[in-house]
Amino acid sequence: MHSVEETIGTTEAAQIPKQRGEQLLDSAVRYAEERHWDVFPGTWLEAVDGEERCSCGVALCATPGAHPARPDWATQATGSAVAARRLWGKHPRASILMPTGRTFDALDVPESAGFLALARMERMELTLGPVTCTPDRRMLFFVLPGAGAKVPDLVRKLGWAPSGIDLVARGEGHYVAAPPTRVGGRGAVQWARRPTPANRWLPDAEELISPLAYACGREAAAARTRHA
């Protein structure tokens, strides 16, 4: 996995700094401006009694500093760089969240299966979109919208039961956290494959589903063997 944070338009990667407001604002604006991705500010991390807590105030928050701050987040999301600058100007430490089902969907798999699939995709010379790695050891492959509706049938056609493998399609009504968002003390969301001009056009889920389902199926079979 890449140990560096890579952002749009940069040729050299920089070490991940502490989550500074100006870096979050700059990244959010560039996602909207350069990729036309909708973005919205989520919760953020606050120092409370020497510990980092989520701004939502829930002591045992499942995703501290990386979930929507308000129930109407879907209507708050914007693809305007000007609006993004205004939103993060008000809340400079807010996480960067992006709704799926609009300009992209995301295929969400375990990190180990994701890297196995990524290696196969590269050997097959498949066209890839951006890919993120999350601190909870997940990988998200960005694909064209509509994946949520078609993935279960695609998985079945490949001979897998959708409920039997850990492959989730995030579409309308869902969201993903974007780099450099940090999730509590677990670390930051990073790019495994950063957004570049070369991957501006996203693949269809159908193009990636075979290596992803195969890798997830292998992982599920290995888990069953371990617990047998």
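User: What makes strand 7 (residues 138–143) mostly covered?

Analyst: The model is predicted, so local features need pLDDT of at least 70 and side-chain atom pairs pLDDT 80 or more, while totals for chains, interfaces and linings use all residues. Residues are numbered from 1 along each chain as its sequence is written, and side-chain values use heavy atoms, leaving out hydrogens and water. A residue is buried under 20% relative accessible area, exposed over 50% and partly exposed in between (1.4 Å probe, protein chains only). Six of the six residues of strand 7 are buried, and the strand is therefore called mostly covered. Helices (H or I, at least four residues) and strands (E, at least two) are DSSP runs, numbered from the N terminus.

User: Which way do the residues of strand 7 point?

Analyst: Arg 138, Leu 140 and Phe 142 point one way, and Met 139, Phe 141 and Val 143 point the other way. In a regular strand, side chains alternate between the two faces of the sheet.

User: How do you know that strand 5 (residues 105–110) and strand 7 pair?

Analyst: Two strands pair if DSSP finds at least two bridges between them. Six bridges join strand 5 to strand 7, so the two strands pair; they run antiparallel. Within this pairing, the bridge partner of Pro 110 is Arg 138.

User: What joins strand 6 (residues 131–133) to strand 7?

Analyst: Three bridges join these antiparallel strands, and Cys 133 stands opposite Met 139. Strand 6 and strand 7 form a hairpin with four residues between them.

User: Why does Glu 125 count as exposed?

Analyst: Glu 125 has 70% relative accessibility, and therefore counts as exposed. Glu 125 lies in the loop between helix 4 (111–123) and strand 6, with a positive phi near 55°.

User: Why are the buried residues of helix 5 (residues 147–157) said to be on the same side?

Analyst: The buried residues are Ala 147, Val 151, Leu 154 and Val 155. They cover an arc of only 95° around the axis, which puts them on the same side of helix 5. The arc is that of the directions from the helix axis to the C-beta atoms. The face turned away from the buried side carries the exposed residues Ala 149 and Lys 157.
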